[in-house]
Amino acid sequence: MMMQQQQLSSGSEEDPRYADMDSRKRKRMISNRESARRSRMRKQQHLDDLVKEVTKLQSENAKLVKSINEATQCYIGVESENNVLRAQLMELTDRLRSLNSVLEIVEEVSGLVMDIPEIPQTLLEPWRLPCPVPPIIASSDIFQC
């Protein structure tokens, strides 16, 4: 029985009709393997490119986060300074009002005419300045503390 199977399998290799088919199958198999290898190489290259891009984007993201944090710290510092200046403005305005009221009392008691200046509205509302304000020139280091 084994002899028959060997004869059948060896017979197909010797038959010229099947020899051509086996050659085509072998060529197709080799071609398919080569195509699969190239496909795996392209896939690996694409994966490597994506990993590089992820690394680059993570680095850019870290730089942006650092820049945002620095700008936030500068903003907090400026906001704090503005709050101090507003408090000082209110304190000085109150002092000026007190001094003006003392001058008014002295004027009434002494009968002397005194030039008591009024508190300018621009102190209380600086955005309504009577003179034109020069434009603010922006620079690249505007947020540098």
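**A first look at a helical chain**

Val-113 sits in the loop between helix 2 and helix 3 (121-124). Helices here are DSSP runs of H or I with at least four residues, strands are runs of E with at least two, and both are numbered from the N terminus. This is a predicted model, in which local features need pLDDT of at least 70 and side-chain atom pairs count only at pLDDT 80 or more, while totals for chains, interfaces and linings use all residues. Residues are numbered from 1 along each chain as its sequence is written, and side-chain values use heavy atoms, leaving out hydrogens and water.

**The whole chain**

- The chain has 3 helices and 0 strands, which gives the pattern α-α-α along the sequence.
- Among its 145 residues, 4% count as buried (under 20% relative accessible area; exposed is over 50%, and partly exposed lies in between, with a 1.4 Å probe and protein chains only).

- Val-113 counts as exposed because its relative accessible area is 80%.
- From C-alpha to C-alpha, Val-113 and Leu-103 are 9.9 Å apart in space, and they are 10 residues apart in sequence.

**Asn-100, in a helix**

- Asn-100 belongs to helix 2 (residues 16-110).
- Is Asn-100 buried or exposed? Asn-100 has 9% relative accessibility, so Asn-100 counts as buried.
- Leaving aside residues up to four places away in sequence, Asn-100 touches Ile-116, Pro-117 and Ile-119, where contact means heavy atoms within 4.5 Å.
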